[in-house]
Structure formats: C-alpha cells, structure tokens
Amino acid sequence: MAQQRLLGDFLISRVVEQEGPFASASVVIAGFDEHRIKEHEDWVRPHYLTPDNELIMAFQSYVIQTPKANILIDACVGQDKPRPSRPSWHLQQQPRYLAQLQSLGLGMEDIDYVFCTHMHADHVGWNTVLNNGRWVPTFKNAKYLFGKEEYAHWHAAYQLSLSTPTPSPNHGSFEDSVLPVVESGQAQMVESDFEIEAGLYLGAAFGHTPGTCVLHAKSKDQSALFSGDIFHSPVQLVDLGWSSRFCSDPVAAAQVRQAVTHAICDTNTLLFAGHFPSCLGGHVKRGERTPSNAESFVFKAAD
Ligand SMILES: [Zn+2]
C-alpha cells in the first residue's frame, strides 16, 4: 500500500490511530444481512470483513500538503480523552499517531488547517491536548474549520445537556475537543461550500450528522473526495441503503451515499473514506448485475 500519493500538486498521506476488527457488522450497520455478502465475497473479505462478520475499520486522519498549506482532515479519537462508555477510546495514548505525523516531516505547529467532516468523538479528538489540566488546541498555528450547521446542532445539544439530565453530546467530545478550540479563537465557522484554496472545497452531505461536509480535491485533472462517514465500510456498497446506527438521519444518509456513489463510480475520482482500512484511497466501480441486486458496486483500493 502506498504511504503517500500525489494528486496533481497535492500530496496525500494518512495517519492511523487504530486499525482492525471493530465490531460486528450488524452492530454498526442497521440493515446488514450476511446472505447479501455471498455475491461479494471476492472483494469484501478478507480486507473489510472478518470470517465472523466483524467490520475491519481504521481510525485515521488524512493529510493534504499543497504548495500553500498543510491540511489535516478529521482528528480521530485523540489522547487522554475520557470516554468511559467506549473502552477502546478511553484515556488512550496514541504514540503511533504522533510518530506517523512526525515521519511526514510535520510537527504540530506545521498544520495550517484542521477540517472535521463532522463532530462525532472519533473525528475531533486530536483537536485538543491536555496541558496542565486544561484542553488546549493541539495545532497552535491552525485554523479549525467547523461547518456552521454542524456546530450549531451540537452546540444546541450541549446547551441542553447543561440544563437537563441529557448527557454531554458525543461522549463529552464537544466539551473537551470543540469548545476549547472556539474559546481559543482558532475556530472558523464555515459555510458548506467553503473553499480552502483553489481546488479544495467543502460540500454539504447532511445525513450522517445534521451538518456533515465532505472535502473535494481537484488538481491537474485529478480528483478526490474525502467523505468522512458517508461510508463507514466498503461493505455498504453491497446495499447503498445500509446506513450506520450512528447516522442521525439514516434515510438522508442513504440518499447522500447513493448520490456520491453514482457521481464517482467508474471515474478517476479517488475516495478517501474516514474508516476504510489498509488503503490510501480507492475507486468505486460498477460491478456485475446480480440476481438479488439490480445494481452492484465494488471498492477497489488504489495501488
Ligand atoms: Zn467516525
């Protein structure tokens, strides 16, 4: 697997926190039916699904280095974060993540933008680190790009948690990994079509969360889509209606998945999904029509 990939003038890397079997596919994907996998065994296993139907997932950031800026996309689970209801995230240390960032020749101070596709706990963790008992921005020179709709939704949920028994949203990550960034003045609330620089711009993909945005990258006739959690696993290409149990609006999430799949399949657009394991991007291709499924799609990791 390539460690880095050029997309025109953009250099793309991934920085991995964790990778491996995460949970049973039926726990993550609401409508999962293992019988539907039979027609897709050749590409779904062993990379994305274990023999006993556990999803293999990565928790990772992507880094885009352009001639102008270094951009970190999604900030994983993070370090020292209290997440008692998820043992694999709880008070983790992440030496692998830091070492990989360093191996790209990047220090924390070299990141110019952090873009969180959405504000679930596994996408905002590295936004902050502990410093003398306080959460402070990890990337001191970065602007943190937060979608306006996404921030407004979770801010309202947080406010509600202050006055009612409702738990603090997203395992407490809004409070420890988003609010401190806003309070530091490093947050920039952006529209869903915000352009970071020529060839790098957001797109609205509301559904998985109320304000999820994707990032489009285009340089010299090449293109890529950083899709956050529109897909959790390539297995969802077996049935585009299979939304995850973490989707706030599963129907809208499925519509977004349908639209994205049709837009990029059989094109040169590379898909960089939030949790796809053991690959640095890949292509969606139209598969053979199958008896049980009028359309079928295949994910092919890029070489
Ligand atoms: Zn996620």
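1. The face of α5 turned away from its buried side carries A156, Q159, L162 and S163, which are exposed (exposed: 12 or fewer other C-beta atoms within 10 Å of the residue's own; buried: 20 or more; partly exposed: in between; C-beta atoms are placed from the backbone). Helices here are DSSP runs of H or I with at least four residues, strands are E runs of at least two, and both are numbered from the N terminus.

2. A caveat: this is a predicted model, where local features need pLDDT of at least 70 and side-chain atom pairs count only at pLDDT 80 or more, while totals for chains, interfaces and linings use all residues. Residues are numbered from 1 along each chain as its sequence is written.

3. On the buried side of α5 you'll find E150, H153 and W154. They cover an arc of only 85° around the axis, so they sit on the same side of α5 (the arc is that of the directions from the helix axis to the C-beta atoms). The buried residues of α5 pack against β8 and α6.

4. Now α6: its buried residues are S173, F174, D176, S177, V178 and V181. They pack against α4 (121–124), β6 (128–131), β7 (134–137), β8 (143–147), α5 (148–163) and β9 (187–190). After α6 comes G185, with a positive phi near 90°.

5. Over in the largest nonpolar core, V114 and F226 touch the most other members of the 83 (a nonpolar core is a set of buried Ala, Val, Leu, Ile, Met, Phe, Trp, Tyr and Cys residues joined through C-beta atoms within 7 Å). Strand β3 (residues 54–65) gives the most to this core, seven residues.

Terms used. Two residues are in contact if their C-beta atoms, placed from the backbone, lie within 7 Å.
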